[in-house]
Amino acid sequence: MAIAGGLRARDAERGVLASSLARARSGSGRFVIVAGPDGIGKSRLLAEARALAMPDFQVALARAGPLQRDVPFAVARQLFAALAGRPGTMDRQDRQERQDWHEQPGDVRDQAARALDAAVAPEAADGGPCVSHSLFRLVCELCGDRPLALLIDDLHEADLASLKFLTHLVQRIEQLPCCVVVAVRTEPAHPPALLADGPLKTIMFHPAGQVLYPPPLGPEAIESIMQEEFARSATPRQTAAAWAHAYREACGGNPLLAKDLARALAAQQPAPDTAAGARRTGAHSSRTLTDRMLAAVRRLPAPCGSLAESVAVLGGSCPSAVAAHLAGLAPGAARSAVRDLEDAGVLERRGQGEGEHLGFVHPLLHTALYDALPADQRSAGHRRAAQLLHAEGRPVEEAAVHLLRTPPGADAEAARLLLRAGQAAQARGSPEAALVYLRRCLEEPAAQQQMPVLLCALGRAARLADPAVTVETLAPERQPGGVQPHRHAQIALPLGRALLLSARSEEALRVWTGALGETPDDETELLHHLRACVFSIPFYEPGRPEMRHDILRQVAHARHQRRHPTLGGKALDCVIAGHEAVLGDPRAVLRALQATHGSVSGDLAQETGGDVALPLAWLVLISADREEALDSIARALDRIRRTGSLHSLAQALTYRAMARLARGELAEAEADAQQAVHAAEASSPTPLRFVLGPLWADILMAQGRLPAAERALAWAHCTNPATLALKSSLPCSRSRLLRLHGQCEQALQEALAAGSAFEAAGGANPALVPWRTEAALCLHALGRDEEALSMAYENLRQARNWSAPRAWGTALGVLGLLQDPAAGGLDRLAEAVNRLRSSPARLAYATALADYGAALRTAGRGQEAARAEQEALGIATRCAATPLVERLAAQPLRNASGPGRACSKTCGLG
């Protein structure tokens, strides 16, 4: 039997912890997850990790609990409170080091200090950078002092905001001298593979992490536990290895249950023969353990029961003084009760002095005692706890979280507390927690007195949450007292947006048009926002003519109206600009620039209400090669990092990836696309996949990674009939992929399908969907040159009308490739190079140079060709456009003959 540091039969797990800490010490961080059922020894392994880390690491510990799930950054606060040197958590030298750290100058340290304030002192949230990202920066700073070990027990009970922070950390931990060890409860019927998608599953299955599943102990280890416990009893018993199998079968190899079984046998009077006890014992389960402990608590003096119940109500771990106050015990009586509960193995003390906390020896005991309380007693306890914590000046969410476990009442103070908790949670970037508090506030009768403020807060939080959560939260049937979403724009706007992102556009249209009908004419700002939402519908349902035609008539009328510089007016202009861009009207560019420009009236990029309209302006500016798109996206990302909306993050990163692809910044574009994919999968906005998937594939194709591009297109594919009309981008990218594989007949059919869908929506702008480029190249490869030239000429006409360099230069280049060099093809290619030379579209320029160089070589102008190809090679190398680099690098080995009738594998990638 292996016993290491008090651990039985855990040599393998201890070895993993030691090696993970060693790797972290050398600068290659690790994330270790200890998973298993209650009592298997997860907390003991965390204690072992702490002992292994203490000599060299800064160590911070935290334990999650059921009440903390709705308190944003509750776990993070525990960790960083310890690292900040709060009383009772670190020694004097460590506290001085942390004080010295806080006094150091620098932007990063200032930002990290603000993050620490926001995480530890909830009222300090000041709208600064995203707390998750800032806490990560804080981890980086702390790692600069000494290696860092973060230990978290019961992570499955953690709040969502802390889980998001840990997800942010695990994706970057391999570059840090940091080791995170967490314990997660899993049951045999619910293995980790069945965890719901979300941050916890992301953490458990991330490549930087390692999951340990401590197995049940064998008979030898169980026998050791039984001998140890029998030796401690008042009447020591003897045992034998021959009985170990019976004991192991009774407790299932669970260390906690084995100890309790031994105590139960030792306590039997008269003392039975242990062999007989082993034979008689049946299955010893967690239910047996908790029943025995509940009976033990009931046998103790009444103050002990009151104190244990108070600790259970307060969440299983709480300051000793607060628990005593809630139990109504004087200090002396409380100390006596604590000693009795410690002797009984129910509670344990952690920390000293003012920092002393009480906690249950095991979460099973907490759950059992809490569940044993009558419902009315539990509710009354939570209401008193909320009042007590609020009166003592505790963080607002710590008080309000207790009200979530009470039925609605006529308490105006409860409604105010819940509203403040929701506002505080939203300010710290946890809209999901904010919705929990605000939804519960709606149920309070007293909330009717502050309904306008409540609805406004609810609407703001809902804008940032997952669409499915928003629909569930704001559905008309969930609103009390006859409050209907269409009567309140704060509800109608986010509800319609969530319906739209859930591919329920008809319902979204009904919500928004209903709100328009109820909004007075003098509420112009509100009307602008609602009209912007209604006008966005055709972008999500372009193939539904019965829905589209009426909206497009309204858009045509709005295009000629005076513009309004307010935020609502800017949102409306963003959507109108999007419609103009689809038509190929270059006036869209000026409209989009004015709408995205920050002014006295505000910056739409800094408002959550711009999430439907603003991406359309970005699309216009990107397709027009305007760098202002990146400026606006950067401002939006700054806002998103404060608010914590995963969908908004996925959306902004998608359009930044699009802008970077247009500029030829392939590595940066791919990084953005991958982050967008992770965010999109977490927030599940189905329509975004039809933009992001093809974009991701286009980036990969430009890098020559065709199998990966196939997977990206498969990720984007959806058979939902309500969203089929969004697929003009999807078949266009699929056409490009098939063409690069040499399957030009199938590629042509996909290109024509993309064109059919785009033209059905009124599309006449090759900068948005370059389907004619793909069709022309495929027709040329198939020997259908007359049709190819017809496509190319129309493509050029539309590109000239739009007048953006990238679309115009690409169209010229395609036409030049299709024409004979002596019959104008060379001139077209030269014009394409000149058109693209000063544009930010570097990859498109390199492609044009390469095609021009090939034509010059065919015309016998080798020196000019070499200069063009050398410049193209330098640019393509910087862009990491592997296919173009390989083509240019192999140029001396190629024959000087003109282009054959094979599909070009580099044309049109820019």
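So, to start us off: over how many bridges do S9 and strand S10 pair, and is that pairing parallel or antiparallel? Have a quick look at residues 357–360, which make up S10. Okay: S9 and S10 pair over four bridges, and they do it in the antiparallel sense. Before I go on, remember that what we're looking at is a predicted model.

Let me zoom in on one of the partners. Take arginine 350: its bridge partner in S10 is histidine 357.

Now the helices. Helix H15, residues 320–327, packs on the sheet and touches S8 and S10. Compare directions, and H15 makes about 90° with S8. Then there's helix H16, which covers residues 331–343 and also packs on the sheet. H16 touches S9 and S10, and its direction makes about 115° with that of S9.

What about the sheet those helices sit on? It's an open sheet of three strands, in the order S8-S10-S9, and the pairing is antiparallel. From one strand to the next, the twist averages 25°.

You'll find alanine 380 in helix H18, which spans residues 375–391. Is this alanine buried, exposed or partly exposed? Alanine 380 counts as partly exposed, because its relative accessibility is 34%, and that label covers the range between 20% and 50%. One more thing to find on screen: threonine 406 is 26 residues from alanine 380 along the chain, and their C-alpha atoms are separated by 7.6 Å.

Conventions
Residues are numbered from 1 along each chain as its sequence is written. This is a predicted model: local features need pLDDT of at least 70, side-chain atom pairs count only at pLDDT 80 or more; totals for chains, interfaces and linings use all residues. Side-chain values use heavy atoms; hydrogens and water are left out. Two strands pair if DSSP finds at least two bridges between them. Helices (H or I, at least four residues) and strands (E, at least two) are DSSP runs, numbered from the N terminus. Axes are lines fitted to C-alpha atoms, for helices over the stretch in contact, and angles run from 0 to 180 degrees between N-to-C directions. Contact means heavy atoms within 4.5 Å. Buried means under 20% relative accessible area, exposed over 50%, partly exposed in between (1.4 Å probe, protein chains only).
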